[in-house]
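Please look through the sequence and the model below, and then follow the paragraphs from one residue to the next.

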Amino acid sequence: MANATSCNASHGRDLAYQTDILQGVSRTFAFTIPQLPNPLRDAVANAYLLCRIADTIEDEPALSPGLKEEYFQRYIAILEDREDAEAFARELTALLSPATTRSERDLVANIDRVVRITHGFSSVQRAAMERCVRTMKRGMAEFQQGASLAGLRDLPEMDRYCYHVAGVVGEMLTELFCDYSEEIGARREELFALSTSFGQGLQMTNILKDMWDDHGRGVCWLPRDVFSSFGFDLGSLSPGQADPRFVKGLFELVAIARQHLANALRYTLLIPAHETGIRRHCLWALGMAVLTLRRIHAKPHFSNGREVKISRTSVKGVVVVTSALVRSDAALRLLFAAFARGLPRIGQAAASSAGR
């Protein structure tokens, strides 16, 4: 009895740490994840932190490609309960440079606490999480090695990049949702068909919002072929770009992202209406992404992400309106149409940029 009480207390402390550190490494997910029902909430929060640890290893400039691969393989061994997490955490934390944020450093130092929670989930949940982490790592390693200001080769390569950093997360979440509810699981095939598009819509929005911040770090995730089709060379890209050919390419990507977010709405409406927590989790992210696209479309000559970041008032509006309409498919379709009004559709981007 005493051992059980001690284990429960330890698990409770680990969960409290998970909640606290999530606030430090992602305000957005710390905002949306609590809407999920228990025990799904704990699983999704844990899965996000596992992905963030992999991301931290890959982004650490003090680690050579060889060391990154070594530590990643050891990290996978920890997830599979084949290596000691505390020793790993001490070694890796000592190697982290100031480029890693304080919260990310804290997360790495406490890998053992995060993974203890992971090991308490079902085999289905753990398999989904491990697959996601492995897939993300393969993609991150590939794209980080070739990252430059030249941009990605073409739109299909951008699709592949978005899949490895976000689409696979959509697949993982779908796996967790289906495992949580038999009713949701009955729509598994339809959900999976839309899950990567949901992730891509969110990721493309972030790429467009952060393109100048990325540019300052020496990388560009925009596809060259989209811009070259309008006669613009990404190699000449500079902040506050006023070239109308660039704006046409930007609006083409806004149109593509809009279509992916329309698929995200279709995905959300496949979730039963009574699962209001899961719907809110999806709708809040979706609503904020659409409003961000509106800001980008309205101000295509922005020079940093802060200029197109949506306000707290807008975030609050998304929360209030979507929460009020969360059970009504028809109302949510009308709301999306209102939010997306004026955004270019695929094939209309060039026309919508006229006169800018």
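**A walk through the model**

At 34% relative accessibility, Asn206 counts as partly exposed, because that value falls between the limits of 20% for buried and 50% for exposed. This is a predicted model, in which Asn206 has its place in helix α11, a run that covers residues 188–209. Although 83 residues separate Asn206 from Ala289 in sequence, their C-alpha atoms are 8.2 Å apart in space.

In soluble globular proteins, nonpolar side chains tend to be buried together. Leaving aside residues up to four places away in sequence, Leu253 touches Leu155, Met158, Met204, Leu208, Leu222, Pro223, Val226 and Phe227.

Helix α14 also holds Phe246, which counts as buried, with a relative accessibility of 0%. When residues up to four places away in sequence are not counted, the residues that Phe246 touches are Met211, Trp212, Phe227, Phe232, Leu237, Gln241 and Pro300. Val114, by contrast, lies 132 residues from Phe246 in sequence and 44 Å from Phe246 in space, taken from C-alpha to C-alpha.

Arg279 is found in helix α15, residues 276–298, and at 1% relative accessibility Arg279 counts as buried. The side chain of Arg279 makes a polar contact, at 2.8 Å, with the side chain of Asp329. Apart from residues up to four places away in sequence, Arg279 touches Thr268, Leu269, Ile271, Pro272 and Ala273, together with Val326, Arg327, Ser328, Asp329 and Leu332.

How many disulfides does the count give? The count comes to zero, since a pair of cysteine sulfur atoms has to lie within 2.5 Å to qualify. Cys162 is in no disulfide, and the nearest cysteine sulfur, which belongs to Cys220, is 12 Å away. Cys178 is likewise in no disulfide, with the sulfur of Cys282 as the nearest cysteine sulfur, at 12 Å.

Key:
Residues are numbered from 1 along each chain as its sequence is written. This is a predicted model: local features need pLDDT of at least 70, side-chain atom pairs count only at pLDDT 80 or more; totals for chains, interfaces and linings use all residues. Side-chain values use heavy atoms; hydrogens and water are left out. Helices (H or I, at least four residues) and strands (E, at least two) are DSSP runs, numbered from the N terminus. Buried means under 20% relative accessible area, exposed over 50%, partly exposed in between (1.4 Å probe, protein chains only). Contact means heavy atoms within 4.5 Å. A polar contact is a pair of N or O atoms within 3.5 Å; within protein, one must be able to donate a hydrogen and the other to accept it, and residues adjacent in sequence count only if both atoms are side-chain atoms.
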